[in-house]
Amino acid sequence: MKNLFLSGATFLLSTVFISASAQNVRLGIKAGVNYAGVTSPNYEGPQRRWAPAVGVFAQVPLSSDGFLMLQPELLYSQKGSKITYASGTYTDRFHYLDLPILARINAGGLFFEVGPQISYLVAVRNEGPTGTFTDTEGANRLQAGGVAGVGYQLPMGLGLGVRYTHDLVRITRQGPRNSVFQAQLSYLLGSR
């Protein structure tokens, strides 16, 4: 699965880079913070935690006026949660490579985005009073979910966006799902 995910991501990004000059595709970088947590009907108590997210993206025009675009991204995104018991605090950190493929609508500087996301679990770090564990055994390494967001982008290419992502696949077989609010600062490279 890891090779399939990495091959797909590499193919998508190389296709975007190759077609960039021919189709007026613009590339960009982004960085932000996740307000990450987990959700499940039978998993109560975890608190959300702040975590980083950084990556690259491309904007592929689907209309001549730039109103509709395809926006593939490749992001490093840390997710997880923390929970406090009388015995101490337990913090779960899940390190993912996220590959959202978004449809983006531009209305002046305001934009709306929605689409699917595939994520690959790269590493796990569970910390608690009894020690630190990094075992990914039993974890679903490949995740699928959805993304929806809104933001504003200045003509110079600087943008600010907020979005929500939710995985449809559980982290472990009987475990919770990732639920993440994101705030991102982005910059489009090159001139329009």
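**Core and buried polar residues in a predicted model**

Trainee: Which six residues form the largest nonpolar core?
Mentor: This is a predicted model. In general, nonpolar side chains in soluble globular proteins tend to be buried together. Here the largest nonpolar core consists of Val-38, Phe-94, Tyr-96, Leu-121, Val-124 and Ile-171.

Trainee: Which elements give two or more residues to this core?
Mentor: The core has six residues. The elements that supply two or more of them are β4 (88-107) and β5 (110-128).

Trainee: Is Asn-34 buried or exposed?
Mentor: Asn-34 sits in strand β1 (residues 26-39). Its relative accessible area is 0%. Buried means under 20%, so Asn-34 is buried.

Trainee: Which side chain is joined to that of Asn-34 by a polar contact of 3.1 Å?
Mentor: A polar atom of the Asn-34 side chain also lies 2.9 Å from the backbone oxygen of Gln-78. The 3.1 Å polar contact is between side chains, and the partner of Asn-34 is Gln-182.

Trainee: What separates the C-alpha atoms of Thr-165 and Ala-148?
Mentor: Thr-165 lies in strand β8 (residues 158-167) and counts as buried because its relative accessibility is 2%. Among the residues Thr-165 touches are Gln-117, Val-147 and Gln-182. Thr-165 and Ala-148 are 17 residues apart along the chain, and their C-alpha atoms are separated by 6.7 Å.

Technical notes: Residues are numbered from 1 along each chain as its sequence is written. This is a predicted model: local features need pLDDT of at least 70, side-chain atom pairs count only at pLDDT 80 or more; totals for chains, interfaces and linings use all residues. Side-chain values use heavy atoms; hydrogens and water are left out. A nonpolar core is a set of buried Ala, Val, Leu, Ile, Met, Phe, Trp, Tyr and Cys residues joined through side-chain atoms within 4.5 Å. Buried means under 20% relative accessible area, exposed over 50%, partly exposed in between (1.4 Å probe, protein chains only). Helices (H or I, at least four residues) and strands (E, at least two) are DSSP runs, numbered from the N terminus. Contact means heavy atoms within 4.5 Å. A polar contact is a pair of N or O atoms within 3.5 Å; within protein, one must be able to donate a hydrogen and the other to accept it, and residues adjacent in sequence count only if both atoms are side-chain atoms. Lists of a residue's contacts leave out its neighbours within four places in sequence.
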